[in-house]
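Please read the following account alongside the sequence and the structure.

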There are 2 protein chains.
Amino acid sequence: MPTDKRLADRLVALEGLIRPKSIAIVGASSTPGKIGYSAVKNIQDSGYQGRLVPINPNDPEILGLKAYKSVLDVPGEIDAAVITVPARLVAQVADECGRKGVKGLIIITSGFSEIGRRELEEEVVRAATQHGTRVLGPNIVGILSNSDKLNASFAPFLPLPGKSSLVSQSGALLVAMCAATVVRYVGFDKLISVGNMADVDIADLTEWLDQDGATRCITLYIEGLRNGRRFIEAASRATKPIVAIKAGVSAHGAAAAASHTGSLAGAAKVYEAAFAQAGVVTATDLNNLFDRSLVLSLQPPMKGDNLFILTNGGGVGVLATDAAERFGLPLQFAPADIQAELRKHMPEYGSAKNPADLTGMAGKDMYYPTVRYLMSHPWVDGLVVLYCETSLTVPIEIAKTIKQAVDDSGFKDKPITASFVGGKDANEAMKWLMENGLPTYEVPDKAVNAIAALREYARIRSRITAYSSEAAPLQAEGARAVIGKARAEGREALNEVEAKAVFEAYGLPVTKTALARSEDEAAALARKTGFPVVLKIVSPDILHKSDAGGVKVDIKDEAGVRTAYKAIMAAAKAYKADAKIEGVAVQEMAPAGVEVILGSVNDPSFGPTIMFGLGGIFVEVLKDVTFRVAPVTAAQAERMLDEIQAAPILRGARGEKPRDRKALAAVLASYSAMIRDLEDEVGESDANPVLVYEDGRGLKIVDARIILKKK
Amino acid sequence: MPTDKRLADRLVALEGLIRPKSIAIVGASSTPGKIGYSAVKNIQDSGYQGRLVPINPNDPEILGLKAYKSVLDVPGEIDAAVITVPARLVAQVADECGRKGVKGLIIITSGFSEIGRRELEEEVVRAATQHGTRVLGPNIVGILSNSDKLNASFAPFLPLPGKSSLVSQSGALLVAMCAATVVRYVGFDKLISVGNMADVDIADLTEWLDQDGATRCITLYIEGLRNGRRFIEAASRATKPIVAIKAGVSAHGAAAAASHTGSLAGAAKVYEAAFAQAGVVTATDLNNLFDRSLVLSLQPPMKGDNLFILTNGGGVGVLATDAAERFGLPLQFAPADIQAELRKHMPEYGSAKNPADLTGMAGKDMYYPTVRYLMSHPWVDGLVVLYCETSLTVPIEIAKTIKQAVDDSGFKDKPITASFVGGKDANEAMKWLMENGLPTYEVPDKAVNAIAALREYARIRSRITAYSSEAAPLQAEGARAVIGKARAEGREALNEVEAKAVFEAYGLPVTKTALARSEDEAAALARKTGFPVVLKIVSPDILHKSDAGGVKVDIKDEAGVRTAYKAIMAAAKAYKADAKIEGVAVQEMAPAGVEVILGSVNDPSFGPTIMFGLGGIFVEVLKDVTFRVAPVTAAQAERMLDEIQAAPILRGARGEKPRDRKALAAVLASYSAMIRDLEDEVGESDANPVLVYEDGRGLKIVDARIILKKK
């Protein structure tokens, strides 16, 4: 079935679930205080225009509506069913709804996988999906929609209307955020609680909201994705801004890891990578989620870096300037023509440079011409207008003047945000501005952070390419045989020789390496490899080879090989008498280069995930690394090279020659394809060190490590 | 005069200025709209209980009060004079007030140094201070005080009452923040506008507020300190928490620098260092200043790292856990006894580990016993209580229960903060809690950030030592002679040999270095130094000596010295034909070690300021450095070693031996004493590289650089 058709089918089913023309409430009740009562009452109170049918085996009428014993008894079509019956009854109801042809179930009932009853939950999903019926939940608050006047939830009222829609994995937070919309003046069109995500997940809802006419920005509260790659796929194809907060990124309670890469791959790093690939704007905290959701739903992307700040107070101007640098939009002084024009509209002691300070004297007469001019000037890519409440001016008048100036400028594809610092009157003015499409904040930092979100959105959208969660198997002769042998021997780690063989099968530039089981064999292999060579112990019981005296480098002739072989064997025995010794690896000696490390982890949400960093101290002490969900293209990999703090080193810092970034990026891409191809087998892996040579001279993987996935 | 006496005198004068029993308004007016009218009206309206005397040469009565032509005509004492007359008249008024014995002037009038009229401002200060009268301003909003019911300002009303006092360098921001107190429910006792700080500065006010009975926390908005060391001195001796925001830390518009250290010493870095030494808690933005000011004025310091988080919603619990890690207080699971006790008060599916999730069922019956127990348990050093508004609970009841539980626990020296996420009812509950001494925030991150401020305060206070801005001159034979010689020759940079001579005079361990002006002299000096030696070009025109072929290392005998000498001379000529060559430095060759860099800048606000970082890439690429205002003790310097990201390297990362941190800290302390002693001469300096050896083996300064202060 072609992808487009499958997508279209998904969207139709979700349309019935989220915007139903008819709803059955299974478990409806006449008893106030019961969830089955609130479910009916809340839908009635919200002004829902569709058909509402209570289902209750005992009660023929509920809240003035005719009730039926079963959904199967209801005449006509039912799009969605809100389910509030006890957990043990849900599977049967799901089956009945499916037979009835209900498109989607909104399962409020809890008591499933969140308390360990995973099988019961799976039974419910099977019962519904066998009929093509989708399941939202279980364990959810419900769905709230302003544009459809529908409160199919146990939250007491609809949120303040807005142009963003929120999907939340936390029900309690959704209810609290719904109440908070009123006091923050930041509204939502829809609030959708996803609970246990047994079927419909955040990826599905992202797809659906992207084509929902009432939604301009998709706002996500994420605790953990089950199928991370599906989410990246859906988000990277979305045409609307998406802003997300990932909760649960602290190390508190996280498990220990077996490899370098594993120890560096916390949830924060992996989600950061995934969001970058998905084109998702991130929020740092709950306030920031509100702030960014607002601006992304009301203002266009900021297409260039030239931010202009206009203020009536030096203090807030300086704070905004600091914030601009902090949020990645450092100010530049404005060109002379802008300065000259602005100077016409301010007192002599004002400043026109950027930030432009109209001074505390600034009233409507100063704000109007300057805002209008700046909105229409091509140098300005985005505008932040600041206002400190003074005793000379009336906030609401300044607000209306700013809005008028923006409208009169005729520029609709250039973003503007504002900050009004003050008391009750300033608050009223802020509220008016937000109702009129101009996001306004109580402190200057927030107005700058908001416009930075619009810049971030434009930047990441210009960079991302649609991600596909599907991949065709690669040809990599011998790789699976090597792994199969280790599995057959009951091992979960490949030795260096094996790991390099797997790498080589995927075209990665490993140093020539072969296993010698005797001194004579070592000598023969060294001759074949060509001098100088390196000898390394191969033993599952010796992980830190150098510490054990198990590595000899720069061996120049056969006599040297024989001496080194004996020395290594003796050292290994001394280090650990009962170590199982598989032999000695004989390797070509790679010339010195800049040390980098590549690695991978198999993330529970996102699957194979690739890491890059500089080697040695940079990884071990500074933890200066970056991640991507595999696979990545060479172009994407090249951007990873610039994301670490130590990036200038590869570009040739301190008089060094630039390194072969192109070759490194290509290897990163191949590495990512390898771990994607072997995702059923490889748990973690490292190529460390990898030596990168001068531009045009490529790189060499000197040591390799693969830890198999537990099966 | 002993310090204590001078301090006491300062405090008495400021008491008259800030808490006057009698006030003259010079420039009082009967015309509404004039500042001289507002000044009188605002004091009357605020309920001021002292004596109020308008001064106006033409009007015998103003706003019902008898007016005088001059302050000299007023019978009885006048503590403070509010001055609103035009700038050109202020000096005369100041003189009259001084003659009258007025303790302090509150000069609202603008038009002084802020528009370049520095001399007029100095004249005013002279006129007042010659009589012992202090000057606040000019160019200020005024002083507002709730505890004295005094609004001596042109802000329209007093702020919401609170227990912090705010000192602001921005007048507009002070007026706007005053208005904002009402909508944020975060009050202040006093608001003091300091304007141009021609006389009374932030250090003075910090000293005074520290002994003010109505102030529990000192809140500072700082744009730039004139005498930074005086501020560090005052703040480091304060007994109350100080929270500050420094505005103007971006690089926008900052000047370029001549040395490594200079290029790394932005305002952000230097203020960060100064605040650490001053024991000042920092705020990241304006909201954060309100949030931290509130918590520091209401709650005790947090004495240990064990933070406990109690919640009724998993989502906010996870967000708070993430925030705890972000703000330096990562959570630990609670001991078994706590978990066992908490489990008694929550549903089975709750969690007692930390965060403890009472679940959405949590009402008063669950919050009360758990809060009371946690407040009294010795393991808990601080408690954050989270509440998500639900339809089952009433926010104000939860609020009162929490407060009751805290009170009933009897523990007053353990901090608690709260977050209520929700709508109008939650807001009312937050307000009630704040009025009752429990700082409460609208999102969990803020509640965690607030308690982290209390931990930060306890930590920095335990570390700082009272800073003295005074220093006795040191004995450093010959240092000033070397500098004098360079000055006499019209140079602003010392050469390496000279710089090392200065360093050596202060006991710093430089490599033995002498200047040879001929090949024979080089040979002789090398013999005297002992082989191996290093030869380096000495030329004011060749800054990058290695690039110019001007450095030869590891020279083992006299023949080598002669060859190297010729090669260096030839290379220097080839590099820059007209370079002025002073000779060749002959140096002992220091063994390899971990490279670090020490340096200094002479900051316009704080004077000599010392920098520390690891050498090479760490400084040049990662900019991984830390600063302190000089001088520092060896103990303080040792803490600097731990502040850089690369700190583990000196402790012996990756199997390396630990380095001689004690010796390095001692050298940092000596270096800081040197630049403090030479603050009138040294502009910037670097010791780079400095090689640090294994523990007990000290360090060597291999290259040195001093750039003199412009005179």
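Two residues are taken to be in contact if their C-beta atoms, placed from the backbone, lie within 7 Å. By that criterion, the contact takes 59 residues from chain A and 60 residues from chain B. This is a predicted model, in which local features need pLDDT of at least 70 and side-chain atom pairs count only at pLDDT 80 or more, while totals for chains, interfaces and linings use all residues. Residues are numbered from 1 along each chain as its sequence is written, and chains are lettered from A and ligands numbered from 1 in the order in which they are written.

Helices (H or I, at least four residues) and strands (E, at least two) are DSSP runs, numbered from the N terminus. Several helices of chain A, including helix 5 (171–184), helix 10 (286–298) and helix 15 (424–435), each supply at least two residues of the side that touches chain B, and helix 11 of chain A gives the most, with 9 residues. That side of chain A divides into 34 nonpolar, 16 polar and 9 charged residues, where Ala, Val, Leu, Ile, Met, Phe, Trp, Tyr, Cys and Pro count as nonpolar, Asp, Glu, Lys and Arg as charged, and the others, Gly among them, as polar.

Chain A also holds an open sheet of 5 strands in the order 2-1-5-6-7, with parallel pairing; two strands pair if DSSP finds at least two bridges between them. Strand 2 (51–55) and strand 7 (134–136) of chain A are the edge strands, each pairing on one side only, and the twist averages 20° from one strand to the next. Within the sheet, strand 1 (residues 22–26) and strand 5 (residues 80–83) of chain A pair in the parallel sense over 4 bridges, and A:Ile25 stands opposite A:Val82 in strand 5 of chain A.

In chain B, helix 3 (residues 87–100) and helix 4 (residues 118–129) pack at an angle of about 10°, with their axes 7 Å apart. Helix 3 of chain B is therefore roughly parallel to helix 4 of chain B, a term for angles under 35 degrees, with those over 145 counting as roughly antiparallel, 65 to 115 as roughly perpendicular and the rest as oblique. Axes are lines fitted to C-alpha atoms, for helices over the stretch in contact, and angles run from 0 to 180 degrees between N-to-C directions. Among the residues that meet here are B:Val90 and B:Ala94 in helix 3 of chain B and B:Leu120 and B:Val124 in helix 4 of chain B; the contact comprises 9 nonpolar, 1 polar and 2 charged residues.
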